[in-house]
Amino acid sequence: MVRPKGMGRSKIEIKEIQNKGAMYCTFTKRRNGLCSKARELSTLCGAQVAAIVFSPKNKMYTFGEPSVDSVVNRFLHEQQQQRQPLNRGGQKKKKKTIPFLSDECIEGFELHELKHCTALMEKFVKKLEERLEDVVYRRVQMKDLISLIK
């Protein structure tokens with residue numbers, strides 16, 4: 001039996017989707033694809049992966065392997081280490097660049113894309129700060145609990 005030829009998988013122009021229903025459908029499919037790729041990267045390479053995505057309706061979705069908390073904590077710890085100016089030998093550490101925060105990452109972006117990225121990063125930073133406050137609060141509670149036990 002011969003299958004009729006259809007559109008199949010074709011490349012689409014990458015631009016904002018105006019139709020809300022199509023946008024939500026695309027968001028869900030691509031979010032699932034992103035998590036699938038992150039899971040594969042973790043499984044195949046043993047990488048620690050975290051993905052944090054905010055939907056067009058500002059709902060947060062996360063995926064983490066081994067967990068979002070452990071990857072974010074590691075990220076924050078490494079950021080703190082990078083801010084320390086001297087290593088043990090008394091020499092200044094070389095600054096590491098984070099690929100997704102480098103100049104090359106945003107080179108060629110249009111003004112509206114930069115504004116959109118800025119808004120997303122501000123939301124991300126706010127959520128990250130809230131998460132950090134939560135982690136610190138839980139650690140303080142744990143220390144208080146341990147001191148009561150002793």
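Reader: Let's start with Asn58: buried, exposed or partly exposed?
Author: Keep in mind that this is a predicted model. Asn58 has a relative accessibility of 46%, so it counts as partly exposed.

Reader: Where is Asn58 in the chain?
Author: Asn58 lies in the loop between β1 and β2. Those two strands make a hairpin with five residues between them.

Reader: And what's up with the phi of Asn58?
Author: The phi is positive, near 65 degrees, in a residue that isn't glycine.

Reader: OK, the strands themselves. In which sense do β1 and β2 pair, and over how many bridges?
Author: They're antiparallel, with six bridges. β1 covers residues 49–54 and β2 covers residues 60–65.

Reader: What joins Glu65 and Pro66?
Author: A cis peptide bond, with omega at about 10 degrees. Pro66 sits in the loop that runs between β2 and α2 (68–83).

Reader: Switching topic: Ser42. Buried or exposed?
Author: Buried, because its relative accessible area is 10%, and the cut-off for buried is under 20%. Ser42 belongs to helix α1, residues 20–45.

Reader: What does the side chain of Ser42 reach?
Author: The backbone oxygen of Ala47, at 3.1 Å.

Reader: Which residues does Ser42 contact, leaving aside neighbours within four places in sequence?
Author: Ala47, Val49 and Glu65. Glu65 is also the residue joined to Pro66 by that cis bond.

Reader: Now the surface. Which residues form a nonpolar patch there?
Author: Leu132, Val136 and Val140 do, and together they have about 230 Å² of accessible area. Val136 is in helix α4, which spans residues 111–149.

Reader: How accessible is Val136?
Author: Its relative accessibility is 45%, so Val136 counts as partly exposed.

Reader: Zooming out, how many helices and strands does the chain have?
Author: Four helices and two strands. Starting at the N terminus, the order is α-β-β-α-α-α.

Reader: What share of the residues in the chain is buried?
Author: 14% of the 150 residues. The accessible surface of the chain is about 13,500 Å², and carbon and sulfur atoms account for 57% of that.

Reader: Last one: of the contacts between residues at least 6 apart in sequence, what share joins residues at least 24 apart?
Author: That share is 32%.

Notes:
Residues are numbered from 1 along each chain as its sequence is written. This is a predicted model: local features need pLDDT of at least 70, side-chain atom pairs count only at pLDDT 80 or more; totals for chains, interfaces and linings use all residues. Side-chain values use heavy atoms; hydrogens and water are left out. Patches are made of residues with over 30% relative accessible area and no salt bridge: like charges are joined within 9 Å, nonpolar side chains (Val, Leu, Ile, Met, Phe, Trp, Tyr) within 5 Å. Accessible areas come from the Shrake-Rupley method with a 1.4 Å probe; for residues, only the protein chains shown count as cover. A salt bridge is a side-chain nitrogen of Lys or Arg within 4 Å of a carboxyl oxygen of Asp or Glu. Buried means under 20% relative accessible area, exposed over 50%, partly exposed in between (1.4 Å probe, protein chains only). Contact means heavy atoms within 4.5 Å. A polar contact is a pair of N or O atoms within 3.5 Å; within protein, one must be able to donate a hydrogen and the other to accept it, and residues adjacent in sequence count only if both atoms are side-chain atoms. Two strands pair if DSSP finds at least two bridges between them.
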